[in-house]
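This note sets out a few points to follow while the structure is open on the screen. Please read each point with the residues in view.

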Amino acid sequence: MDVPPDAGETSVAPPPGAVLQINPLPDSSGLGAIGEISMNTRTVWQQALKQLVERRADVLHVDLSRVRFVDVAGVTDLAVTAQRLPEGQRIVLHRPPVQLPRILELFWPGLAAIEVAS
């Protein structure tokens, strides 16, 4: 996806050999991920989450419909990010891989700052 010139956002490029691409969502305050979130792509994922929370919107959207796999460390990064959000701000996950909501519920039950949308 191309970033509109006035968006002030950049795509996060994965390191060589990694299989994760992060792009800003064109019509919302959020990002879209493509590939896998794992040990090999963790730095890219962490940078993307950092950029996401810098947007200061009440609702931050994360489209994970094109993510094939998320490991526990990737879910941990997401949960820790959500726990650090100011009150009233939340992350909405769109179509995450099936294991992600299960891991969230297992380790962070009732984490109100994350909403899973199908």
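1. The accessible surface of the chain comes to about 6600 Å², and 52% of that area belongs to carbon and sulfur atoms. These values come from a predicted model. Of the 118 residues in the chain, 43% count as buried.

2. The chain contains 3 helices and 5 strands. Along the sequence these elements follow the pattern β-β-α-β-α-β-α-β. Among contacts with a separation of 6 or more, 63% are made by residues 24 or more positions apart.

3. β1 and β2 form a hairpin with 5 residues between them, and the two strands pair in the antiparallel sense over 5 bridges. Within this pairing, N23 stands opposite G32 in β2. β2 is also joined to β3 by 7 bridges, and these two strands run parallel. Here G35 has V67 in β3 as its bridge partner. β2 is mostly covered, with 6 of its 8 residues buried.

4. Which residues touch the most other members of the largest nonpolar core? They are W45, L64, I91 and L93, in a core of 30 residues. The elements that give two or more residues to this core are β1, β2, α1, β3, α2, β4 and α3. As general background, nonpolar side chains in soluble globular proteins tend to be buried together. L64 illustrates how far such contacts reach: leaving aside residues up to four places away in sequence, its partners include A33, I37, W45, L93 and L100.

5. The loop between β2 and α1 holds S38. Is S38 buried or exposed? S38 has a relative accessible area of 12%, so it is buried, since buried means under 20%. Not counting residues up to four places away in sequence, S38 touches F69 and D71.

6. A search of the whole structure finds 3 salt bridges. In one of them, the side chains of R42 and D77 meet at 2.8 Å, N to O. Because R42 lies in helix α1 and D77 in helix α2, this pair ties together parts that are 35 residues apart in sequence. R42 counts as partly exposed at 32% relative accessibility, whereas D77 counts as buried at 9%.

7. A salt bridge also joins the side chains of D63 and R95, at 3.8 Å from N to O. The pair links distant parts of the chain, with D63 in strand β3 and R95 in the loop between β4 and α3, 32 residues apart. D63 is buried, with a relative accessible area of 18%, while R95 is partly exposed at 46%. R95 also touches A117 and S118, among others. The C-alpha atoms of R95 and S118 are separated by 4.7 Å, although these residues are 23 residues apart along the chain.

8. E115 forms a salt bridge with R90, the closest N and O atoms being 2.2 Å apart. E115 lies in strand β5 and R90 in strand β4, so this pair ties together parts that are 25 residues apart in sequence. Both residues are partly exposed, E115 with a relative accessible area of 35% and R90 at 31%.

9. Finally, the surface carries a nonpolar patch formed by V72, L106 and F107, with about 320 Å² of accessible area together. Of these residues, F107 lies in helix α3, which covers residues 99–107.

Notes. Residues numbered from 1 in each chain as written. Predicted model: local features only at pLDDT ≥ 70, side-chain atom pairs only at ≥ 80, totals over all residues. Heavy atoms only, no water. Patch = residues over 30% accessible without salt bridge, like charges linked within 9 Å, V, L, I, M, F, W, Y side chains within 5 Å. Areas by Shrake-Rupley, 256 points an atom, 1.4 Å probe, with all protein chains shown as cover. Salt bridge = Lys/Arg side-chain N within 4 Å of Asp/Glu carboxyl O. Helix = DSSP H or I, 4+ residues; strand = E, 2+ residues; numbered from the N terminus. Buried < 20%, exposed > 50% of the residue type's maximum accessible area, 1.4 Å probe, protein only. Contact = heavy atoms within 4.5 Å. Core = buried A, V, L, I, M, F, W, Y, C linked by side-chain atoms within 4.5 Å. Pairing = 2+ DSSP bridges.
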